[in-house]
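Morning, everyone. I have one chain to show you today. Let me put it on the screen, and then we will walk through it.

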Amino acid sequence: MDDGVASWRCDLTPLLSYPTVDELAARAASLAARHPRDARLRRVGVSRAGTPLWLLSVGHGSRQALVVAGPHANEPVGGATVLRLAEHALADRRFTDGADVTWNLLLCLDPDGLRHNERWLTGPYTLGRHFRHFYRPGFLEQPEWLPDGAASAALPETRALLALQDELRPFLQCSLHGVDVGGGFVELTHELPGLDRRVAAVAARLGVPRELGAYDALYWPGLGPAVYLIPPPRRRDLAAAITEAAVESTWYHPYGYGTVTAVVEAPMWGVAAVGNGAPHPDPDAELRSVSRTLRRDTGLLGELAARIRPYVAGVPDADRLLAPVEDYLLVCPGLADAWDPDCGNDSARPLPPMTTARLAALRLAGRRLALRTAGLLHQLVTRAGRDPADALPELNRLMDARCADLRDTLGARWIPVDRQAEYQARVVRAVCALAVRRTPGASRSGEPGWGPGPAVPMHRE
């Protein structure tokens, strides 16, 4: 198996936009129908709204690789990536039989959430349009998290993924995520020496910046540039869980099977500064600026939310949109204080040394939190069809200012969907190549009788 940096086939289907839920299912079904011996599609569960959760399996290898797309509703690149991985695996047997790998591709873990983002999925891709139609459910409604442990998993999507992990016992699990504005990086449950060099080669070839101080991994050990080690989960309060992410999750659930889990992040808008690991000339001044802006934005958004709530109570999906607003308003004040050098933060988790990359990541995080909150409130007001609190002008001014900051000050530039998917697919291939070397023995197949013979016809609705 190659390392993911070798030449990519040029005859794969171009991806000009993100696939919708229905397009994902249709394209996967078409692939399975055209390749009945080597691919099959089966339903492994249903969402809360009754949408099928589809698994496309390609190859006949004894090692099971599980790739999970769409764990976060606002990160659609994974759907494009699994289609690209499937096409490549079907076109090149070295990717499957040659590596003794079966690729199990979960098309979308949160299809209901993805549907709520479809207003911006097909473009045009501008920051303002993206954030005004952004949707991501509240923390407790995100299917990868296990706030009460695996045995108490409440969401059907979560239970379906846990069952699939227990069935396949994969040697590798890749969770496909997307960074709205920033750079690419990888988080691992096990060390894979050399991955940082392979990621660097893929990123350089495709012109994708690497996040050398990723906000998600701010407190985590580094395994090389843009590669981080996910710490073992531990129980904590909701605010810490949202901001530090090292909570019990489906990332660690298959750890006992020896599974290597890789969280592969690909950016939509790239920012060069996140790849600058040099010391910052005045980190305290930058931290004060980032904290001050986040604190001011949060105060304004809290006031607007209080003004908006009374007259949106009857708006369809008001509770769904308000849940993440409450989460963001909960965590933002604490983040502003934690980042502010004048707050005398005596936390047991002090900030690491502030490089230019880390400071850029914090600035992006602050802008992102404000824009997401404002975008959700904007949707509430527009769906209500009236604005007695006169909130829309203030929301629009805030969003326009923060988008301009991302675009003009930080230099955010759009990365075409096809390149995002190609970057993520190549990184997955690089992770797989190293994980195969780490696990020379075969893993148990989760599907009895799924061998080199004819594939079972796909299940249809």
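Start with Pro124. Pro124 is found in the loop between helix 4 (118-121) and helix 5 (127-132). Helices here are DSSP runs of H or I with at least four residues, strands are runs of E with at least two, and both are numbered from the N terminus. The peptide bond from Gly123 to Pro124 is cis, with omega near 0°. Most peptide bonds are trans, and most residues other than glycine have a negative phi.

Now the ground rules. This is a predicted model, where local features need pLDDT of at least 70, side-chain atom pairs count only at pLDDT 80 or more, and totals for chains, interfaces and linings use all residues. Residues are numbered from 1 along each chain as its sequence is written, and side-chain values use heavy atoms, with hydrogens and water left out.

How confident is the predictor? pLDDT is its confidence in each residue, from 0 to 100. The chain has a mean pLDDT of 90, and 89% of its residues reach 70 or more. Two stretches need care. Residues 4-10 stay under 50, and the model gives them 20 contacts beyond four places in sequence. Residues 443-461 are also below 50, with 49 contacts beyond near neighbours in sequence. A contact means heavy atoms within 4.5 Å. Where pLDDT is low, the predicted coordinates should not be read in detail.

Next, the overall picture. The chain comes to 13 helices and ten strands. There are 461 residues, and 60% of them count as buried. Buried means under 20% relative accessible area, exposed means over 50%, and partly exposed is in between, using a 1.4 Å probe and protein chains only. Take the contacts with a separation of 6 or more: residues 24 or more positions apart account for 83% of them.

On to helix pairs. Two packed helices are described by the angle between their axes and the distance between the axes. Axes are lines fitted to C-alpha atoms, for helices over the stretch in contact, and angles run from 0 to 180 degrees between N-to-C directions.

First pair: helix 7 (residues 195-206) and helix 13 (residues 417-438). They pack at about 160°, with axes 10 Å apart. That makes helix 7 roughly antiparallel to helix 13. The cut-offs: under 35 degrees is roughly parallel, over 145 roughly antiparallel, 65 to 115 roughly perpendicular, and the rest oblique. The crossing of helix 7 and helix 13 is right-handed. Right-handed means the near helix is turned clockwise from the far one by less than a right angle, and left-handed means anticlockwise. Residues in this contact include Val199 and Val202 of helix 7, and Tyr423 and Val431 of helix 13. By class, the contact has eleven nonpolar, no polar and six charged residues. Here Ala, Val, Leu, Ile, Met, Phe, Trp, Tyr, Cys and Pro count as nonpolar, Asp, Glu, Lys and Arg as charged, and the others, Gly among them, as polar.

Stay with Val431 for a moment. Val431 lies in helix 13. Is Val431 buried or exposed? Buried, with a relative accessible area of 0%. Val431 touches Leu172, Cys174, Leu192, Leu195 and Ala262, not counting residues up to four places away in sequence. Val431 and Leu192 are 239 residues apart in sequence, but their C-alpha atoms are 7.7 Å apart in space.

The contact includes Leu294 and Leu301 of helix 9, with Leu322 and Trp339 of helix 10. Its residues divide into 15 nonpolar, three polar and four charged.

Last stop: two aspartates in loops. Asp100 sits between helix 2 (77-91) and strand 4 (101-106). Its phi is near 55°, a positive value in a residue other than glycine. Asp100 is partly exposed, at 28% relative accessible area. Asp390 lies in the loop between helix 11 (356-384) and helix 12 (392-409). Asp390 has a positive phi too, of about 55°, although it is not a glycine. At 48% relative accessibility, Asp390 counts as partly exposed.

Key
pLDDT = per-residue confidence, 0-100.
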